Number of protein chains: 2
Amino acid sequence: MADKGPFLTSCIIFYLSIGAAIFQIVEESNWTSAKDTYIQKKEEILTKFKCLTKEGLDEILQIASEAAGQGVAITGDNHRSTWDWSNSVIFAATIVTTIGYGNIAPKTTNGRVFCILYGLCGIPLCLVWLSTLGSFFGDRAKRLSQVLIRKGISKKIQFTLTALFLLWGLLVHLVIPPFVFMLVEEWSYLEGMYFSFITLTTVGFGDYVAGVNPDIEYPRLYRVFVELWIYMGLAWLSLFFSWNVHMVVEAHKVLKKKRQLRHRH
Amino acid sequence: MADKGPFLTSCIIFYLSIGAAIFQIVEESNWTSAKDTYIQKKEEILTKFKCLTKEGLDEILQIASEAAGQGVAITGDNHRSTWDWSNSVIFAATIVTTIGYGNIAPKTTNGRVFCILYGLCGIPLCLVWLSTLGSFFGDRAKRLSQVLIRKGISKKIQFTLTALFLLWGLLVHLVIPPFVFMLVEEWSYLEGMYFSFITLTTVGFGDYVAGVNPDIEYPRLYRVFVELWIYMGLAWLSLFFSWNVHMVVEAHKVLKKKRQLRHRH
Ligand SMILES: [K+]
Ligand SMILES: [K+]
């Protein structure tokens with residue numbers, strides 16, 4: 001493996017450099033115009049309210065920034081508790097799955113210490129659980145294929161089943177959910193897809209989080225379904241990865257055998 | 001494996017419920033007081049600036065909220081570009097490592113589409129790279145132990161080396177870095193430890209991010225070192241996990257052999 005190290009390191013440096021350049025090209029002008037709009041609007045506010053000095057406005061923004069830093073929504077008067085039990089369950093889930101949206105995060109010293117201890121046990125537990133869940137579904141799929149093979153359907157069925165497994169995964173985790181989010185969260189299709197991808201890869205930027213808009217009355221059990229969908233997705237990915245690793249290991253064995261045979265002849 | 005499923009599922013439900021209750025106890029009062037302070041300070045602002053109506057203040061907060069949503073810092077006039085090339089490299093790294101702090105995230109449609117495609121290739125690439133890096137260090141450690149064994153030092157050295165490996169990991173990744181962050185970022189020791197833990201587990205809440213405070217003049221190469229420290233930490237964790245899995249597999253084999261021997265007698 002170690003001989004691949006320099007090549008892979010070059011790959012990752014190249015990949016990060018190119019990616020950064022593209023992100024810069026795509027995003028920088030949007031950021032600049034948002035910044036200019038913000039500066040201009042601040043000036044408009046100062047001319048609109050004569051008694052408000054620049055220092056006064058800075059004071060207001062400082063207050064808002066501090067409130068946001070403590071997890072308080074700065075706009076609207078509809079302050080739903082961030083730390084009620086159901087929100088806390090979802091927060092705990094963002095630790096153990098390592099999604100970590102960060103729209104909620106502990107602000108007290110005790111909370112942070114507990115967060116470290118909680119993750120220390122919780123992350124391995126969740127990994128084991130998800131891989132067990134994944135292999136449970138994998139076993140079911142395997143049995144189904146065996147039953148079908150015994151019934152005389154050609155061995156090509158295994159290939160078809162793998163393709164179906166991939167297709168099903170893509171449908172359930174990337175293609176269909178955005179439609180649900182369009183209806184419930186009023187996001188665009190792309191926003192829903194972006195949220196799904198960022199969540200199931202456990203990147204979890206937290207710019208889009210399902211079920212937290214204070215202006216939306218969510219259907220009952222909506223958040224439960226979102227949570228279950230996340231776990232199913234992660235289990236599917238875990239199964240997908242273990243299958244891939246399995247296939248790579250198998251391919252490696254076959255290659256090794258072939259090489260040994262060649263050496264004997 | 002599948003028979004462990006119901007037990008593990010109960011475990012995870014229990015773990016999330018208990019964790020949520022503790023987080024609620026620890027964090028809710030802090031949030032409530034922050035919210036009350038915010039409401040009170042907003043009222044003080046309204047009495048201080050007579051010409052400013054409640055609607056006017058809401059307008060200001062709306063503007064600030066929109067700017068924050070586009071990644072613009074709402075306080076201060078020191079608008080460093082979020083999307084210059086070096087920031088973009090770090091952003092790209094938060095995707096491929098799945099840390100995803102989210103203090104920077106793409107806001108344009110093109111940026112989001114590219115983000116999905118970028119992660120699709122980048123996350124597996126980074127995983128492979130980190131595990132290669134991990135096994136590179138693992139090989140070095142193994143060779144060192146073999147040299148030491150050949151030199152006649154007792155076989156207990158392997159146990160000592162494993163202990164040293166764990167100790168080294170803890171020191172380099174959790175105990176020492178907070179001191180550096182105390183100096184450079186002016187965080188408390190606990191904040192530095194919280195940041196280190198949340199980063200290296202790839203949870204990445206984004207409430208603490210190293211190297212982004214616009215009021216601090218960072219030492220040159222500081223951010224490069226932080227990035228390298230993150231990769232080293234993730235490679236160390238990858239090695240740690242593969243060793244653990246290896247040990248579990250070995251223990252399983254030993255148990256299986258013992259059981260087979262028992263059956264034969
Ligand atoms: K994450
Ligand atoms: K995150």
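Biologist: What relative accessible area does A:Glu66 have?
Modeller: Under 20% counts as buried, over 50% as exposed and anything in between as partly exposed (1.4 Å probe, protein chains only). A:Glu66 has 42%, so this residue is partly exposed. This is a predicted model, where local features need pLDDT of at least 70, side-chain atom pairs count only at pLDDT 80 or more, and totals for chains, interfaces and linings use all residues. Residues are numbered from 1 along each chain as its sequence is written, chains are lettered from A and ligands numbered from 1 in written order, and side-chain values use heavy atoms, without hydrogens and water.

Biologist: Which residue forms a salt bridge with A:Glu66?
Modeller: Side chains of opposite charge can pair when their charged atoms come close. The rule asks for a side-chain nitrogen of Lys or Arg within 4 Å of a carboxyl oxygen of Asp or Glu. Here the partner is B:Lys41, with the closest N and O atoms 3.9 Å apart. The pair crosses between chains, running from helix 1 of chain B to helix 2 (residues 54–69) of chain A. Helices are DSSP runs (H or I, at least four residues), numbered from the N terminus. B:Lys41 is partly exposed at 29%.

Biologist: And which residue meets A:Lys41 in a salt bridge?
Modeller: That is B:Glu66, at 3.9 Å from N to O. A:Lys41 sits in helix 1 (residues 5–48) of chain A and B:Glu66 in helix 2 of chain B, so this pair joins two chains. A:Lys41 is partly exposed at 29%, and B:Glu66 is partly exposed at 43%.

Biologist: How do I read the interface of chain B and chain A as a whole?
Modeller: The size of an interface is often given as the accessible area lost when the parts come together. With a 1.4 Å probe and the loss summed over both parts, about 10,200 Å² is buried here, 74% of it from carbon and sulfur atoms. Counting heavy atoms within 4.5 Å as contact, each chain supplies 118 residues.

Biologist: Which helix gives the largest share of the side of chain B that touches chain A?
Modeller: Helix 1 of chain B, with 27 residues. By class, that side has 67 nonpolar, 33 polar and 18 charged residues; Asp, Glu, Lys and Arg count as charged, and Gly is among the polar ones.

Biologist: What coordinates the potassium ion (ligand 2)?
Modeller: For K, donors are N, O and S atoms within 3.2 Å (Na and Ca share this limit; other metals use 2.8 Å), and water is not among the atoms, so sites may look incomplete. O atoms of Ile99, Gly100, Val203 and Gly204 from chains A and B coordinate this ion at 2.6 to 3.0 Å. A:Ile99 and B:Gly100 each lie in the loop between helix 3 (85–96) and helix 4 (109–150) of their own chain, so the pair joins two chains. A:Ile99 is buried at 2%, and B:Gly100 is buried at 0%.

Biologist: How far apart are the potassium ion (ligand 1) and the potassium ion (ligand 2)?
Modeller: They are 3.2 Å apart, and A:Ile99 coordinates both. The donors of ligand 1 include A:Val203 and B:Val203, in a site spanning 2.7 to 2.9 Å. A:Val203 is buried at 1%, and B:Val203 is buried at 0%.

Technical notes
Buried area = accessible area lost by both parts, 1.4 Å probe.
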